[in-house]
Amino acid sequence: MKSIFKPKFFSILKSGITKKQVSSDVLSGIVVGIVALPLAIAFAVASGVSPEKGLITAIVAGFIISLLGGSRVQIGGPTGAFIVIVYGIVAEYGIDGLIISTMLAGVFLIIFGLLKLGSLLKYFPHSLIVGFTSGIALVIFSTQIKDALGLSIESVPSEFHAKWMMYFTSLHTTNLTALAITVVTILITVFSKHLTSKIPGSFLSIIIITPLVYFLKLDVPTIETFFGAIPNSFSITIPSFELGDLQNYIAPAITIALLGGIESLLSAVVSDGMISGKHRSNTELIAQGVANIVTPFFGGIPATGAIARTATNVKNGGRTPIAGLVHAITLLLIMLFLGNWAKLIPMSCLAGILIVVAYNMSEWRSFVSILKGSYFDILILLTTFFITVFFDLTLAIQIGVLLSAVLFMKRMADISDKRIENVVDNDLLENYGDLPDSVKIYEISGPLFFASARRYSEAIEEIGLKCSVLIIRMRHVAFIDQTGVHNLKDTLRILNDKHIHVILSGVNEEVKEKIKKYALTDYIGEECIFDNFRDASQKALDTVAAKA
C-alpha cells in the first residue's frame, strides 16, 4: 500500500520547502482561488444544481486532492466535463442519486489506484478523448443558449435536437439586455488577457458586470432569481436510498470514475511537462477517489483535476501542493464572507463564461486534424462525438472504449495476416547456410492471440508438412493468449502424429511458462524449447542426424 499511495505533499514536507517557495505558492493559490470562483459557480448552475454546490466541491475536493494527490501542482474541483453527466443524473435520480453515484465513483477510483491502473488510463486513444471532449463542449454550449439570450422558456428539453428546436421557436422572446451582457462577458473573458494577466477574464467580467446590473437595475435573471441566496455555511448531507436501487448508479458512477480519472491524469501529465516533474498516477487516482467519497457529504458534486486551473497555478509560480490548499481556503473565505454578493451575478454573465469554456474544451483543431488521419481514428472520433451529443456520455465512453479495442485488434490481425501471407505465398523462408532441405524455418512475427492464432497455426501446419524438422522462431512473440495456446497445441499434435519434429526458438520466459502450463510439451518436449536460434538450429541438425 505504501508503494502505491505516496502523497506528494508529505514527500515534499520531508525534503523541505524554502520560505520563498511557500510565499510563491500562497500567492499562486490566492490567484487560482479567484479564477476558480466564477467557474465553480458556473459549472454547478449549468449542471442543474445550486451554485454553492460548485463552491463546496472546489473547497472540499480541492483541499483533499492537493493534500493527498500524486501531483505537485494539481488543482482539483468541478469541471465542465461533468456538466452533462451531473445534469442527467440529477434529472433522472435527483440529488440523492447524484450523491450516491459520486461516492460510488470515488470507490471505483480508489480501486483503480490500488490495482495500479493509473498507467493504463493514459492509453485511451487520443481520438476517443477528443471525441467525447468535443461532444461535451457542444452540449455545454447548447445548454447555455437560454440564459445567453434570456429566452422565456419554462423548461428546456434534455434531448439535443429538441432543445435546439425550442430555442428556434422561442427566439422572439430574446432579452436584448441579456444578450448584450453575454457578448460583453465573452469579449472581456477573451480579450482581457491583452490588458492584464494578473486578473482572470472570467473574474473580471463578473466584478464589472454584476455591479452594473445591480445599480442600473437591469431586467435580467440572476443567480438569486433561480436559486435564492448562496448559503455561507456547510451542512452534512446523508443520502437516502434503497439497497436494491444501487445497481442503477453503477453505470453513471463508472462514467464519472473513468472521466475523472482520465481528466485528472491528463492534467497531471500536462503540468509535468510545464514544471519538468513527474506525478504519481496511482496516488492521484486514490486521492481523487477519497475526494469524491467525502465531498458529497457536504453537498458537493463530482470533482477531478482541472487542466486550466492547474496551468494557471503553474504560470503563477505554484510548485507544491500548498498552492492548491491555499486555493481551497481562499474559496472558503469568499463563500463565508462574500456569498451574499455572489447571488447577484447575472445568469447571462455565467452563460458567457461557460460559452468560452465550451470553446476552449472543443479542441476543434485536434478534431479537424484527426479527420485528416486514418479511417480507424475518424471512426472512433465521430462515433464517440455523436453518441455524446445525441445520447449520453456514459454510452459514448462504453462504446468508444469497446470500438477502440475492436479496431486495435483488427489492426493487429491485419498486420499478422500480411506477415503470414508473405511467408506462405512467397515462400520467404530464410536460408541458414548449413541447414539441410529437410529443415524448415517459420517465424511468428507478433503476439499469438485470438485475432491471429488461427492463421499462424494454419501457416505452421502447411510448412511443417513439407519437412521433417520445423524450427518455429518466436523472438517477436511477446505474449500468447488462451486461443493462441489452443490453436498451437492442435497444430503441434497434428505434426507430432506425422512424426515431424518441432523446435521452438527465441521463447521468452512468460511464453515458456504458458507452454509448460498447458502441456504443449507433450508434443515437442522441454528439450526442444530454446531462447536463442543458435541452439535451436544445432538441435535441428542433431535431430536430422539421429533420423538418418
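I began with D490, which is partly exposed because its relative accessible area is 28%, where buried means under 20%, exposed over 50% and partly exposed in between (1.4 Å probe, protein chains only). I noted that this is a predicted model, in which local features need pLDDT of at least 70 and side-chain atom pairs count only at pLDDT 80 or more, while totals for chains, interfaces and linings use all residues. Residues are numbered from 1 along each chain as its sequence is written, and side-chain values use heavy atoms, with hydrogens and water left out.

I then looked for the partner of D490 and found a salt bridge to R493 at 3.8 Å, N to O, the term meaning a side-chain nitrogen of Lys or Arg within 4 Å of a carboxyl oxygen of Asp or Glu. Both residues lie in helix 21 (residues 482-497), three residues apart, about one turn of the helix; helices here are DSSP runs (H or I, at least four residues), numbered from the N terminus. R493 is also partly exposed, at 34%.

The structure holds seven salt bridges, and another of them joins K146 to D147 at 3.7 Å, N to O. Here K146 is buried, at 14% relative accessibility, and D147 is buried too, at 16%.

C467 is buried at 9% relative accessibility, and C528 is buried at 6%.

Terms used:
Helices (H or I, at least four residues) and strands (E, at least two) are DSSP runs, numbered from the N terminus.
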